[in-house]
Amino acid sequence: MSTSETIDHHTLTRLVEAGAVRGATVIGQPGGWSVVVQYGMTERAIAAKRGPVRVWRRFETLASHLKDMGLYRYQVDAVNYSPESLKTSAPKRPDAAERMRRAHEAAAYDEWLRGKVESSRSDPRPSIPNDDMKAEFAKRRAALRAKAMR
C-alpha cells in the first residue's frame, strides 16, 4: 500500500455525503483488497476498526461496502492480488470452537433458568414462609443425623 495514513469509515461516509471524494482505487494485495480514497489533495486508505488498513478478503463484499457508502465508481489495481494467500492471511484461533460451544451452553442454561423462574412466579399455589421451610429442613437434618448415629 502506497499510503501509510488512514481514514475511518465514519469520516469517509461524511466526505462522500458532502461530495468531497474525488475518486477511489481498490488495490489488490496478498490476502485481499484495500481501498485508497482521494479527497482534496489528500489520499488515505480506509482504516480497520483494529489495525492500520482494512483488508477485504472478497471483492464482492468490498464492492457492496463501497456502494452502501455511496462510492459507485472506482479504479481497480489487481497487480499484486494473490488469491492463494487468502488461506494464510488470517490465522484461525484453535479455541474459537470451544469458546462458541461454551457460549451456546451458557445461553441455553440462561434460557432454562429464566423459564424455571417464570414458572415459579406464575405458580398459583401459596408460597411457604422461609421460617417454616427452615424448621422443616432442620427436622429432616435431625432425622438424618439420628439415623446415621445408629
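**Burial and overall form**

I began with burial: of the 150 residues in the protein chain, 23% are buried (under 20% relative accessible area, with exposed over 50% and partly exposed in between; 1.4 Å probe, protein chains only). I keep in mind that this is a predicted model, where local features need pLDDT of at least 70, side-chain atom pairs count only at pLDDT 80 or more, and totals for chains, interfaces and linings use all residues. Residues are numbered from 1 along each chain as its sequence is written, and side-chain values use heavy atoms, leaving out hydrogens and water.

Next I checked the dimensions. The protein chain has a radius of gyration of 31 Å, whereas a compact globule of 150 residues would be near 15 Å (taken over C-alpha atoms; the globule rule is 2.2 Å times the number of residues to the power 0.38). I put a box along the principal axes, and the C-alpha atoms fill roughly 90 × 35 × 25 Å.

**Surface and charge**

I found 27 positive and 18 negative side chains, with the centres of the two sets 6 Å apart. Lys and Arg count as positive and Asp and Glu as negative, without His or the chain ends; the charge is placed at NZ of Lys, CZ of Arg, CG of Asp or CD of Glu.

**Secondary structure**

I then read along the sequence and wrote down β-α-β-β-β-α-β-α-α-α, that is, five helices and five strands (DSSP runs numbered from the N terminus: helices are H or I with at least four residues, strands E with at least two).

**The sheet**

In what order do the five strands lie in the sheet? I get E1-E4-E3-E2-E5, an open sheet with mixed pairing (two strands pair if DSSP finds at least two bridges between them). Strand E1 (6–7) and strand E5 (75–77) are the edges, each pairing on one side only.

I followed the pairs one by one:

- E1 runs parallel to strand E4 (residues 42–46) over two bridges, and threonine 6 stands opposite alanine 45 in E4.
- Strand E3 (residues 32–39) is antiparallel to E4 over four bridges; valine 37 has arginine 44 in E4 as its bridge partner.
- Strand E2 (residues 21–29) and E5 are parallel over three bridges, and threonine 25 is bridged to glutamine 75 in E5.

I finished at the hairpin of E3 and E4: two residues lie between the strands, and glycine 40 takes a positive phi near 55°.
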